[in-house]
Amino acid sequence: MALLLLLLLFATVQLLPPASCSSFGSSNYYCDWCPRHSTASLFPPAAAGAGACGYGAAMATEEELNGGPHVAAAGAEFFRDGAGCGACYQLRCRDRRVCGGDGVKVVVVTGAANRTAGFQLGREAFAAMARSGMADQLAALGDNVQVEFRRVPCDYKKKNLTVRVEEGSRNPGQLGIRFLYQGGQTDIAAVEIAGESNDTQPSSWRPMARLRRGLWRTTRPPAGALRLRLVVTAGFGGKWLRARDAVLPADWRPRQEYDTGLRVTDVALRTCSCRSRVVTGGGGEELR
C-alpha cells in the first residue's frame with residue numbers, strides 16, 4: 001500500500017523548481033546558472049516576518065547567528081503554492097558594472113504579494129549582490145533588477161528538520177504541520193504518521209494530505225505520541241526518511257516546534273530542469 005501511494009505521489013507531485021544542474025562527483029555539488037533570467041527587488045523588512053512558510057522571525061535569527069541564507073519572498077513560479085517553501089537559491093544580478101560574481105544565497109520564506117514577481121529581498125540581501133562599495137549604485141537601478149539564478153542545497157548547520165504544529169490543530173481531532181529547516185535540494189512528496197506503540201505494523205501508518213502553502217494535515221491522528229516518516233525527492237527519484245523516535249509527544253500543542261532528529265542533505269544527482277515539471281514514472285534512485 002505504501003509503495004502504491006509513493007508511485008501515485010510521484011506521478012502528480014511537482015519536483016525541483018527552476019535550476020539547471022550539471023553532473024557532479026561524489027563529494028561536490030555543481031550547478032549551472034539557469035539560461036532563463038528572473039528579477040529581484042526590495043521588500044519591506046516586515047514582509048519576511050509574515051512567513052507564509054511558517055518560519056516567522058526564526059529564519060532571521062538563523063541568518064544572523066549561524067551564517068544562514070538571507071530570507072526572500074518569491075513569485076508564483078518559485079513559491080509554487082507553498083511547495084517552494086524553504087527552497088534555497090543563489091542569485092546574482094547581471095549588470096557586471098555593479099554586481100559581484102558570487103551573488104547572494106536566499107531561502108524562500110513567503111510568497112511575494114505580486115505573484116508575477118521573481119524574488120523580493122531585504123536590503124542586506126540586495127546589497128550582498130553588489131560589488132564592494134557599490135550597494136548604493138545597485139539600489140539606484142530600482143525594482144526588478146535582472147538576475148541569474150540557480151537552486152542550491154540548503155545547509156542549516158545547527159538545525160535538524162523540524163515540525164511545527166499549526167494553528168487550528170486540536171489534540172485529539174485534527175493535526176496540521178509544516179516542516180522547517182529542510183536541508184539539501186529536496187522536496188517533500190509524502191508524509192505518514194503512526195502511533196508510537198504500533199508503528200511496526202504497515203497498516204498503522206496513516207498518510208497526511210498536502211494542502212497549499214506547505215501545510216500537511218490529517219483529521220484522524222492516532223492517540224498518544226506520534227512517529228513520522230516522509231519521502232524526499234531530488235530530481236527523478238525519492239526515498240523514505242524515518243525519525244528514530246516519536247517526534248510529537250502525546251500532549252502536542254499548536255504553535256509548538258518539535259525536532260525530528262533528521263538531517264536532510266540529499267541533492268539532485270544528475271540534472272534538474274529549468275522548469276518545474278511533473279514526473280510520470282517511478283524513475284531510479286537519484287539522490288545523494
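What is the handedness of the link of Cys53 and Cys85? In this predicted model, the link is left-handed, with -80 degrees about the S-S bond. The sulfur atoms of Cys53 and Cys85 lie 2.1 Å apart. Cys53 is buried at 2% relative accessibility, and Cys85 is buried at 18%.

Three disulfides are found in the whole structure. Cys88 and Cys154 form one of them, with sulfur atoms 2.0 Å apart. Its torsion about the S-S bond is about 115 degrees, so this disulfide is right-handed. Cys88 belongs to strand S3, whereas Cys154 lies in the loop between S6 and strand S7 (162-165), 66 residues apart. Cys88 has a relative accessible area of 1% and is buried; Cys154, with 7%, is also buried. In the disulfide of Cys93 and Cys99, the sulfur atoms are 1.8 Å apart. The torsion there is about -120 degrees, so the link is left-handed. Cys93 and Cys99 are both buried.

The largest nonpolar core holds 38 residues, of which Tyr89, Leu91, Phe119, Leu121, Met129 and Leu138 touch the most other members. Elements giving two or more residues to this core include strand S2 (70-74), strand S3 (88-93) and helix H5 (123-128). The largest share, five residues, comes from S4. Beyond its neighbours within four places in sequence, Phe119 contacts residues including Ser38, Phe78, Tyr89, Leu91 and Phe149. A second, separate core of 23 residues includes Ile193, Met208, Trp216 and Leu262.

Definitions and conventions
Residues are numbered from 1 along each chain as its sequence is written. This is a predicted model: local features need pLDDT of at least 70, side-chain atom pairs count only at pLDDT 80 or more; totals for chains, interfaces and linings use all residues. Side-chain values use heavy atoms; hydrogens and water are left out. A nonpolar core is a set of buried Ala, Val, Leu, Ile, Met, Phe, Trp, Tyr and Cys residues joined through side-chain atoms within 4.5 Å. Buried means under 20% relative accessible area, exposed over 50%, partly exposed in between (1.4 Å probe, protein chains only). Helices (H or I, at least four residues) and strands (E, at least two) are DSSP runs, numbered from the N terminus. Contact means heavy atoms within 4.5 Å. A disulfide is a pair of cysteine sulfur atoms within 2.5 Å.
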